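This report examines selected local features of one model.

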Amino acid sequence: MPEAVILSAVRTPVAVAFKGSLVNTPAEPLAELVVTEALKRSGVSAEDVDDIVLAESMYGGGDLARHAAVAAGMPRVPGQAVNRHCAASLTAIANAAGSIRAGMDSVVIAGGVQSSSLMPQLTWRVPGSEDTRQGMPATFPHTEDVNDDVSINVGWNTAQEVGLTRAEVDAWAVRSHQRAIDAIDNGAFADEIVPVQVQGPDGQSFEFTTDEGPRRGSTAEKLATLKPLHPEIEGFSVTAGNASGINDAAAALVLADGDVAARQGLTPLATVRAWASVGVDPARTGMGAVEVIPVVLERSGHTVDEIDLWEINEAFASVPLAACRSLDIDEDKVNIFGSGCSLGHPVAASGARMITTLVHELRRRGGGVGVAAMCAGGGQGGAVVIEVPAP
């Protein structure tokens, strides 16, 4: 089978939704920006691209990938929209890699886009109600009521299952902020971030270049003062401080048949070695990341100890902690530049953001194997294994 290699990987900075730099920037221009920049950096031409696969979450219809294809000057490229909640852009990358390995496509752009600030919201009314008006806006349709409070089925239930204390999840969140701030200060994201030209409320244009979520001076003492999201539940450990943010961002990667890349004289950044998705009881949604990791490692032929870097999304701080405790993963190798609690969780873009960060950091380290894993709404888990060659 052909190898599926990564030729480029880029992302926008992650903005705080509703009040951050991308509050008035729709998903469409974000998609166009990262697709165009990923293509530019890849070395392949627009005529080489067979498809674009972009994750989108809760947009209520449409096809961002097709929009991006046309806007980026590739009208003959069809475009596929993917939604697997939080793991959607990992699935987009997996779909692209699968098509390449099957010999159906040679070059595919994959990633995800999230505009929480401007996404439409689903509404419904109670069946049988005499009130024929639409109901209140909701994030998920009524068929997925289990998602209505992710602080319980992801954050709290995961902490309970693994036996994590409030102090432990707070400490992980503090570390996340500290690592993200260090990464920003040391320029660790410079190679992966694409600046976004934004028009501010005053009408003046400015360049958005830096992730907005990480907080300087975050301490365990400060987080300990935050009220639990469910004070009526004894010992409830989830707060706004050890949960991910609501965010806007986009990320895209160019994947190609390894032989095609070689014939064009292009040097791959990484190879996609394996991917997997699993389902779990929706009440155990946070354990989706824990359940999917052994599956993807078996498919890639690696052991836990052979993985050099991990990105395990901090939907809540309890999720990566649960994975480390359950699977004996070295915590020092996990989320070395922060994750959802600090950088944020732009749902449809998070998986592609994680892979992008892994690609660039493993290259700086001279190669290695990385795993991106995450839980996903409704009781799911997704993971992708990549390998970056030594120079």
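In this predicted model, helix H10 comprises residues 350-364, 15 residues in total, and its first and last C-alpha atoms lie 21 Å apart. That span is close to the 21 Å expected at 1.5 Å a residue. Most of H10 is covered, with 13 of its 15 residues buried. Just after the helix, Gly366 adopts a positive phi of about 90°.

H10 also packs against another helix. The axes of H3 (residues 88-101) and H10 come within 5 Å and cross at roughly 65°, which means that H3 is roughly perpendicular to H10. On the H3 side, the contact is made by Ser89, Leu90 and Ile93; H10 contributes Ser350, Gly351, Ala352 and Ile355. By residue class, the contact of H3 with H10 divides into four nonpolar and three polar residues, with no charged ones.

A disulfide requires the two sulfur atoms to be within 2.5 Å. The closest cysteine sulfur to that of Cys324 belongs to Cys341 and is 13 Å away, so this distance is too far for a bond. For Cys341, the closest cysteine sulfur is in Cys375, at 11 Å, and this too is too far for a bond. Cys324 is buried, with a relative accessible area of 4%, and Cys341 is likewise buried, at 6%.

Most residues other than glycine have a negative phi.

| Residue | Relative accessible area | Class |
|---|---|---|
| Phe18 | 49% | partly exposed |
| Asp328 | 63% | exposed |

Since exposed means over 50% relative accessible area, Phe18 at 49% counts as partly exposed, whereas Asp328 at 63% counts as exposed.

Notes
Residues numbered from 1 in each chain as written. Predicted model: local features only at pLDDT ≥ 70, side-chain atom pairs only at ≥ 80, totals over all residues. Heavy atoms only, no water. Helix = DSSP H or I, 4+ residues; strand = E, 2+ residues; numbered from the N terminus. Expected span 1.5 Å × (residues − 1). Buried < 20%, exposed > 50% of the residue type's maximum accessible area, 1.4 Å probe, protein only. Axes fitted to C-alpha atoms, helices over the stretch in contact; angles between N-to-C directions. Parallel < 35°, antiparallel > 145°, perpendicular 65-115°, else oblique. Contact = heavy atoms within 4.5 Å. Nonpolar A, V, L, I, M, F, W, Y, C, P; charged D, E, K, R; others polar.
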